[in-house]
Amino acid sequence: MLRYAYGKLNKVLFILFLSLLWFGCNETPDRYAPVYGLFPDVEISHVLIDEQNIDEVTIRSGESSNEIQTLNFVSGSNFLIHKGDSLVTIFDGRQSILILDTETGQILGQYTFTGRGPGEYQRIDQLLYSSGYFLIVDASLGKAIRFDSRFQFLEEYEIRDMFPLSGFAYRHPRFYYSLSSDPDFLFQRQNLFNSDVSPGFHKRIISIGKQPGGYNRMLMDVNTNGGLMIGAVQMPLLFIYGSDTTPDQLIRLHYSEFEMEEELVEYDPRIGQRVLINPPPVEIETDQVIRGRNLISGLLYRDDEVMLIHSGMITLLRTDGDEFHHVKSIRIFDQNGEPFYPMYIAWSEDDIYLSSRFREYIVRINQSSFYR
């Protein structure tokens with residue numbers, strides 16, 4: 001017991017040391033220093049999202065341009081994948097698959113495989129695509145289902161302990177998934193060819209049963225070289241892994257005009273309680289309602305580029321070596337001047353596609369807009 005208490009004290013002192021060190025060098029303490037302490041051997045890079053490199057684009061009624069276009073659709077879609085001349089999305093309460101033409105938005109096909117048998121799902125928790133295969137994840141049934149490019153059922157894999165509220169990634173034959181009950185790690189990797197499973201990786205930020213548990217929510221994507229990027233949903237942090245499961249780099253995003261709001265307590269009349277909002281990523285034991293503010297909601301990783309949905313805009317980061325830098329961000333407004341908040345993103349060679357469950361269209365932006 002004494003050794004355990006001494007170990008916990010050392011951990012707290014180490015985190016405090018990091019916070020003080022950051023304060024001494026930058027005059028302002030970094031609220032994410034406790035997370036750095038969980039990855040002490042990882043290089044930290046700081047990337048500034050410069051307000052001067054943020055453009056605002058408006059969708060014009062009845063118009064289309066080379067810069068931005070809209071594809072009429074139905075509201076309520078989830079996920080977005082670009083494949084050839086089509087877009088693949090999920091709708092109908094995550095029950096059905098819809099294939100759309102990238103130029104017109106016309107429906108090219110629709111599939112539904114609900115059930116509990118082989119090749120069937122109760123709910124689509126994630127849709128992934130790699131090397132000509134689609135992978136549908138149903139965490140409630142504990143399985144991943146592989147289809148060919150025309151949604152012909154091929155095989156399914158029993159995978160227990162998946163956490164549906166965090167991210168998944170797929171670069172065939174490797175499937176990365178989030179864990180619900182591992183006390184130490186957030187993710188695992190399985191080879192779909194031989195069912196080999198890696199040890200757990202990426203340290204859990206907040207222990208199971210403690211708060212604020214929202215800091216354990218992550219997004220993932222794998223590039224063509226097998227490099228893995230993990231983005232924290234409620235923190236401005238990106239983790240880069242090589243082909244193994246050891247992190248190589250941690251990217252801390254900063255903003256020239258604003259930072260994440262500090263912790264505060266507000267009364268919520270809807271539930272009749274005071275709510276703790278945006279606490280720091282430090283474990284606490286409390287029965288109080290806690291709400292975190294989502295920062296990163298979309299992530300696509302190419303060999304030397306990263307496209308993010310965050311802070312209500314889309315951002316392109318690029319590396320010319322080991323260091324990423326901010327190329328440009330774009331905020332989108334609709335015909336009425338209201339912000340268009342993208343929720344899902346797909347990336348072709350020339351265009352970026354954005355969708356939202358609350359809009360009846362998909363937005364297409366020419367990739368050249370990020371280099372002007």
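How many bridges pair strand β9 (residues 133-138) with β10, and in which sense do the two run? They pair in the antiparallel sense over six bridges. Here, strands are DSSP runs of E with at least two residues, helices are runs of H or I with at least four residues, and both are numbered from the N terminus. Two strands pair if DSSP finds at least two bridges between them.

A few notes before we go on. This is a predicted model, in which local features need pLDDT of at least 70 and side-chain atom pairs count only at pLDDT 80 or more, while totals for chains, interfaces and linings use all residues. Residues are numbered from 1 along each chain as its sequence is written, and side-chain values use heavy atoms, with hydrogens and water left out.

## Confidence in the model

The predictor's confidence in each residue is called pLDDT and goes from 0 to 100. The chain averages 88, and 90% of the residues score at least 70. Over residues 1-26, however, pLDDT stays under 50, and the model has 16 contacts beyond four places in sequence for this stretch. A contact means heavy atoms within 4.5 Å. Where pLDDT is low, the predicted coordinates should not be read in detail.

## Around strand β10

Let us return to our opening pair. Phenylalanine 134 stands opposite phenylalanine 147 in β10. On its way from β9 to β10 the chain makes a hairpin with four residues between the strands. Strand β10 also pairs with β11 (residues 153-158), in the antiparallel sense and over five bridges. There, isoleucine 145 stands opposite glutamate 156 in β11.

Is β10 largely enclosed or left open? Five of the six residues of β10 (residues 143-148) are buried, so this strand is largely enclosed by the rest of the structure. Buried means under 20% relative accessible area, exposed means over 50%, and partly exposed lies in between (1.4 Å probe, protein chains only).

## The sheet β4-β5-β6-β7

Strands of a sheet pair through backbone hydrogen bonds, either parallel or antiparallel. Four strands form an open sheet in the order β4-β5-β6-β7, with antiparallel pairing. At the edges are β4 (78-83) and β7 (107-112), each of which pairs on one side only. Neighbouring strands are turned by 20° against each other on average, direction ignored. For such angles, axes are lines fitted to C-alpha atoms (for helices over the stretch in contact), and the angles run from 0 to 180 degrees between N-to-C directions.

Six bridges join β5 (residues 86-91) to β6 (residues 96-101). Threonine 89 stands opposite leucine 98 in β6, and leucine 87 has leucine 100 as its bridge partner. On to β7, five bridges connect β6 with this strand, and leucine 98 has glutamine 110 as its bridge partner there.

In a regular strand the side chains alternate between the two faces of the sheet. In β6 both faces are covered: Ser96, Leu98 and Leu100 on one side and Ile97, Ile99 and Asp101 on the other are all buried.

## Hairpin turns side by side

Most residues other than glycine have a negative phi, and most peptide bonds are trans. The turns below each hold a residue with a positive phi.

| Hairpin | Residues between strands | Residue and phi |
|---|---|---|
| β5 and β6 | four residues | aspartate 92, about 60° |
| β6 and β7 | five residues | glycine 105, about 80° |
| β9 and β10 | four residues | glycine 142, about 65° |
| β10 and β11 | four residues | phenylalanine 151, near 60° |

Phenylalanine 151 is buried, with a relative accessible area of 4%. Phenylalanine 79 has a positive phi of about 65° although it is not a glycine. This phenylalanine 79 sits in strand β4 and is buried, with a relative accessible area of 8%.

Cis peptide bonds occur too. One joins histidine 172 and proline 173, with omega about 10°, and proline 173 lies in the loop between β12 (169-171) and β13 (174-178). Another joins glutamine 211 and proline 212, where omega is about -5°.

## A buried glutamate

Which residue does the side chain of glutamate 305 join in a polar contact? The partner is the side chain of arginine 318, at 2.6 Å. A polar contact is a pair of N or O atoms within 3.5 Å; within protein, one must be able to donate a hydrogen and the other to accept it, and residues adjacent in sequence count only if both atoms are side-chain atoms. Glutamate 305 is in strand β24 (residues 305-310) and is buried, with a relative accessible area of 5%.
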